[in-house]
Amino acid sequence: MGPVSGTTTRRVLLAFGALVALFAAASGYALGRLSDIHEGTHALREVGGRAREARELATAVRDQYAHLAHTIILGNDSHRRFHAEARARVEALTRRLAEHARDADERAAVADIQASGDALDTLYRDTLLPAVMAKDAAAVEAAHGRALEWVSRIQARVDALTAGSDASMAAFESHVGTVERDSFRWALLLLGGATLFAAGVGVYIGNSVARPVARLSEGAARLARGDLDVRIPEDDPGEVGQLAAQLNRMTGALREHQARLVQHEKLVGIGRLAAGVAHEINNPLGVILGYVRLLQRRAEGALAEDLRVVEEEAVRCQDIVEGLLDLARPGRGPLEPVALRDACEEVVLRLREATRLGPQGSVSVEVHGQGTAWAQAPRLRQVLLNLVKNAAEAAGEGGRVEVRIAADADGASRVAVSDSGPGMSSEARARLFEPFFTTKPSGTGLGLAVSQAIAEAHGGRIDVDAGPLGGARFTLSLPAPSREQEAAA
């Protein structure tokens, strides 16, 4: 139908475009809100992780202090190893908190925890443990007091971090909840509006498209029943009206084609009659030729020349009669598998022996490829002989003819005959297969018509186009064999 210019097309496209845009807006909004929820959830997980690490740090500090207290109570260094393990865990958790700190305040708090932990560890190793081992109660009590101060300082910092994380978690949970509620409301509103708009588009399409299409369907049904006088209203301003006009033109063309078909059947009947007459004429022509050749043996001078002219014209009439008979009877008889390369090479040999390939066989003919076709061998060779002979005549002295055979995967085959001649005009191509049409100064103009009739009788056809050698290319296409033929082979 060409560019989108019809009223109906524009309206339908605009309606669907608006519908798609509405759904796209709803989907985009929903995706944006989902992204916000995803980001909030991710941040919530991060804050929760920091809070969990802060609580684990508080527990680890209490464990470290517990081992310090056990050292004082037991009065030996049996908990020295446990204190070192607790200290290592405190250091690991402190490093993780430092990596995940969000701002300067959190980084300062973590740094203070680190410094306090280092001081507590130093106090344990350098002061408390030696005092315990030396049984110096006063030094142990003083060291224990300082240890409590460091532990309390660390605990206060950890509690502050935990409180901050809990507050951030509450804020993020509130934000995510708000986003979820807003997203649900807006998505419901947009999708509900899109649904209502879609219903409106459906009503519009029903009124502007479905009804005219129903009229088209009714007209097409009447046309299918053979009513070639049907005419579909063309009052719709859009593409449906254009389609109705096209259908009306097609109906008119069908009426004309039907009239031509009737005329063709009449011509076929006349052709059969002509073939019958030609068959009857063939016998008298044979008698005339026989007497003329007999008289030529005894004639001399001007009479011999006149008899030669009579013989040539009688032979020409005989060729026309034979062409008419072939055209009227291209019918198919028993088929057999024919090796196309052998058939082509045999045709080339016959033409060369008959000096039909130029003086001293100056026209070069090459055969390439392999293939097999189911056909009447004599009829197929007649077609190949005609195609190669025409190509040699078109190529002229010193020219080239190329015969390429190809077989498809399904068993169909093609024989393409190309020549190096001057080619032919598009007007000549359009009339090549008409009886009695020829581009040669001599000839009956029946060869290609008979060849096409034989090809069609075998379920194939002959096509012509420009060939690779610069001249014309005639391609004989033959169908794949049937299952019965393949089984017989």
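Author: Welcome! Axes here are lines fitted to C-alpha atoms, for helices over the stretch in contact, and angles run from 0 to 180 degrees between N-to-C directions. The model is a predicted one. In it, the axes of helix α7 (residues 340–353) and helix α8 (residues 377–395) come within 9 Å and cross at roughly 55°.

Reader: How do you know which residues of α7 and α8 meet?

Author: Contact means heavy atoms within 4.5 Å. On the α7 side, L340, A343, C344, E346, V347, V348, R350 and L351 take part, and they meet L380, R381, L384, L385, V388 and K389 of α8. By class, this contact has 10 nonpolar, no polar and four charged residues.

Reader: What makes a residue there count as charged or nonpolar?

Author: Asp, Glu, Lys and Arg count as charged, so E346 and R350 in α7 belong to that class. Val and Leu count as nonpolar, which places V347 and L351 in that class.

Reader: Which residues of α8 meet α10?

Author: Helix α10 covers residues 447–457, and the axes of α8 and α10 come within 10 Å and cross at roughly 140°. Here R379, Q382, V383, N386, L387 and N390 in α8 meet G447, L448, V450, S451 and I454 in α10. The residues of this contact divide into five nonpolar, five polar and one charged. The crossing of α8 and α10 is left-handed.

Reader: Why is A156 called partly exposed?

Author: Its relative accessible area is 47%. Buried means under 20% and exposed over 50%, with partly exposed in between, so A156 is partly exposed. A156 is found in helix α4 (residues 137–224). The C-alpha atoms of A156 and I113 are separated by 9.4 Å, although these residues are 43 apart along the chain.

Reader: What about the whole chain: how many helices and strands are there?

Author: The protein chain has 11 helices and seven strands. Of its 489 residues, 35% count as buried. Its accessible surface comes to about 27700 Å², with 57% belonging to carbon and sulfur atoms. Among the contacts with a separation of 6 or more, 73% are between residues 24 or more positions apart.

Technical notes. Residues are numbered from 1 along each chain as its sequence is written. This is a predicted model: local features need pLDDT of at least 70, side-chain atom pairs count only at pLDDT 80 or more; totals for chains, interfaces and linings use all residues. Side-chain values use heavy atoms; hydrogens and water are left out. Helices (H or I, at least four residues) and strands (E, at least two) are DSSP runs, numbered from the N terminus. Buried means under 20% relative accessible area, exposed over 50%, partly exposed in between (1.4 Å probe, protein chains only). Accessible areas come from the Shrake-Rupley method with a 1.4 Å probe; for residues, only the protein chains shown count as cover. A crossing is left-handed if the near helix is turned anticlockwise from the far one by less than a right angle, and right-handed if clockwise.
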